[in-house]
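Welcome, and thank you for taking a look at this protein with me. Please have the sequence and the 3D view open as you read.

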Amino acid sequence: MMHPAGPGSGDSPEGFPEQPRLQPQIGNHTAQTLDAFFTCRKNALLAKSSSTQVEGDFAMAPRGPDQEECEGLLQQWREEGSSQALSTSSEGPLVDKGLAQSSLALLMDNPGEQDAASEDKWSSRQLSDLRAAENLEEPFPEVLGEEPLPEVEGPMWAAVPMQTGPQYADCAVLPMGALAAEQWEEDPAVVAWSIAPEPMPQEEAPIWPFDGLGQLQPPPVEIPYHEILWREWEDFSAQPDAQGLEAGDGPQFQFTLMSYNILAQDLMQQSSELYLHCHPDILNWNYRFANLLQEFQHWDPDILCLQEVQEDHYWEQLEPSLRMMGFTCFYKRRTGCKTDGCAVCYKPTRFRLLCASPVEYFRPGLELLNRDNVGLVLLLQPLVPEGLGQVSVAPLCVANTHVLYNPRRGDVKLAQMAILLAEVDKVARLSDGSHCPIILCGDLNSVPNSPLYNFIRDGELQYHGMPAWKVSGQEDFSHQLYQRKLQAPLWPSSLGITDCCQYFTSCHPKRAERQKYSRDFLLRFRFCDIACQRPVGLVLMEGVTDTKPERPAGWAQSVLEEDTLEPEPVFPRTVGTIQHCLHLTSVYTHFLPQHGRPEVTTMPLGLGMTVDYIFFSAESCENGNRTDRRLYQDGTLKLLGRLSLLSEEILWAANGLPNPFCSSDHLCLLASFGMEVTAP
């Protein structure tokens, strides 16, 4: 299993630091004495109880002595004069007296089960520690900032987990009377057994023999977040050599690309109701920013495509930090008054920029395109090592976008995607009419197998009469009486984009040469009707504007319009169908076969779904006598590996998104690609 190395990787799977554990602070003498007493008392409790329900991290292990050992301890206690110890303890604090009396009460429980004493296996050190605990005069230290527990009558006991290592592998026993004057912090990582107000019936809990003490099962132990969110690297290729090129049928230029919606702070604050499940501290931008940088450093991609990048955070923190990590960054803010946008960053040691093209979806006066979403398209030239000699690699076109969220406006989503695909077609088109390798990624706000997803993957969509909400598949509005339906044509011809998602100038060849006009033809405009009319508001000046030009004899009264204007181009429009010819397929399959669950990239309102994608260009496979556009094989751009996604159940176990280790409401997507290196 291969994981991309990164400077942030450490002992934890994601390179995240281990979380510090809470350690109770008590005096040395008190700690040693209590430890000895708790060990002896725990052994007595284990000898009395046959319960096997305490398991996992809260299990009281190792198991104590059996019933015969308890009876042996009691017998030895009596022989050495336990009455003298009790009288001595009565002079001490009431807390210590309660400990001794309750200790004997537990040992004396169920006298009918006692048999002849067996060989004493308990050490004399434990007995001396027990006597020292009963003569303890040092009061228990008080824990600050904790609430006192109510006093109860009788020998009530509470089992408190002791932190002895990575897991709570031990439990100590304290009398409730001793805890009455103390306060204990309600920490979810340190869970105490609750004390029931009434004893449980013997027939319901026969395995819990202590009278007057109720039993509740401990809650499930929380697994650390970095263990829950462990994501495996799925390797589809052989190990590369030291130069980053793979030896096989031919050398390859290998690189990694990450797509990540990092959750703009402004948008999070505007929709704070979506993050009520999060602690306020983990929503702080400084906390989130540090986690995001650590994630970038851990996976160390060569190309980084970000969405929801807040402008002030980009210029003040993100861009300087990414520049120090070796990236060159390009940013496009959303139009209008929006404060976030998209960014594409690449390492200049691996790529050289050929062109950068920002894309704005807003079109003034056009209701279909009145939203402020944007995209960014870069054309990069891979840089191969000099030791390979005269070899070349095709350019790489990288497109990043964040499509409109509104689930009801699928028509807007399709129009925005058509503009982006037209820009990609223009940037990636080669001189021979083909396209260089393409990677299209971002937050498309559409679920897998939705009409918009199928349009990108299959290259064709019949949309006429389709409900607008159905395009993205985010929500089901079929129950509503009024439903906006898509009509053909989806966008007007004035947009300059055909139904094949190409700019008009890209699909029509330019004229070989400009039209030449003769001097006589141009002079005809001198005496046209417009030229002979006095403009409104023209200041009358003698000798300048007081004369009217005379039309020579034989000149036409007006110039025919068809002589001066070129015929308006005719767009090849189809009836209710849009297409593209980029041959894209998804890096992810959107299903986890090992879990039998779908992949998710985000969890809005606790509902997991996939809306983030990485599409790359691949060749379609021949299937018999026909070509199935949904089946692809690697072409110039090969998929070498990907970072696995998670299921909804796993994210639920980590308290959803964001959480202390994933500081966005989306998961990052990461893939490794290889490009063929050819000789010139």
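Helices here are DSSP runs of H or I with at least four residues, strands are runs of E with at least two, and both are numbered from the N terminus. Asp-300 is not a glycine, yet its phi is positive, at about 50°. With a relative accessible area of 28%, Asp-300 is partly exposed. For these terms, buried means under 20% relative accessible area, exposed means over 50%, and partly exposed lies in between (1.4 Å probe, protein chains only).

Before going on, a word on the model: it is predicted, local features need pLDDT of at least 70, side-chain atom pairs count only at pLDDT 80 or more, and totals for chains, interfaces and linings use all residues. Residues are numbered from 1 along each chain as its sequence is written, and side-chain values use heavy atoms, with hydrogens and water left out.

## The chain as a whole

The protein chain holds 16 helices and 24 strands. Of its 680 residues, 47% count as buried. The chain exposes about 35,200 Å², and carbon and sulfur atoms supply 53% of that area. Accessible areas come from the Shrake-Rupley method with a 1.4 Å probe, and for residues only the protein chains shown count as cover.

Contact here means heavy atoms within 4.5 Å.

## Helix 9 beside helix 10

Two packed helices are described by the angle between their axes and the distance between the axes. For helix 9 (residues 285-299) and helix 10 (residues 311-324), the axes come within 11 Å and cross at roughly 30°. That makes the two helices roughly parallel. The axes are lines fitted to C-alpha atoms, for helices over the stretch in contact, and angles run from 0 to 180 degrees between N-to-C directions. Angles under 35 degrees count as roughly parallel, over 145 as roughly antiparallel, 65 to 115 as roughly perpendicular, and the rest as oblique.

On the helix 9 side, Trp-285, Asn-286, Phe-289, Leu-293 and Phe-296 take part, and they meet His-313, Gln-317, Leu-318, Ser-321 and Leu-322 of helix 10. The residues of this contact divide into six nonpolar, four polar and no charged. In this grouping, Ala, Val, Leu, Ile, Met, Phe, Trp, Tyr, Cys and Pro are nonpolar, Asp, Glu, Lys and Arg are charged, and the others, Gly among them, are polar.

## Around helix 11

Helix 11 packs against helix 12 (residues 451-458) at an angle of about 20°, with the axes 11 Å apart. These helices are therefore roughly parallel to each other, and their crossing is right-handed. Helix 11 brings Lys-413, Leu-414, Met-417 and Leu-421 to the contact, and helix 12 brings Leu-452, Phe-455 and Ile-456. The residues of the contact divide into six nonpolar, no polar and one charged.

Is Val-403 buried or exposed? At 1% relative accessibility, Val-403 counts as buried. Val-403 lies in the loop between strand 13 (396-402) and helix 11 (410-428). Leaving aside neighbours within four places in sequence, Val-403 is in contact with Asn-373, Lys-413, Gln-416, Met-417, Asp-443, Leu-444 and Asn-445. From Val-403 to Lys-413 it is 10 residues in sequence and 6.4 Å in space, C-alpha to C-alpha.

## The loop between strand 15 and helix 13

Trp-469 has its place in this loop, between strand 15 and helix 13. Trp-469 is buried, with a relative accessible area of 14%. Beyond neighbours within four places in sequence, its contacts include Pro-407, Arg-408, Glu-475 and Phe-477. The C-alpha atoms of Trp-469 and Asp-411 are separated by 8.5 Å, although the residues are 58 apart along the chain.

Pro-489 is also found in the loop between strand 15 (460-462) and helix 13 (504-507). A cis peptide bond joins Ala-488 to Pro-489, with omega about -5°.

## Toward the end of the chain

Leu-605 lies in the loop between strand 19 (597-598) and strand 20 (612-617). Its phi is positive, near 55°, in a residue other than glycine. Leu-605 counts as exposed at 65% relative accessibility.

Finally, the peptide bond from Leu-657 to Pro-658 is cis, with omega near -5°. Pro-658 is in the loop between helix 16 (648-653) and strand 24 (669-678).

Key. Left-handed = near helix turned anticlockwise from the far one by under 90°.
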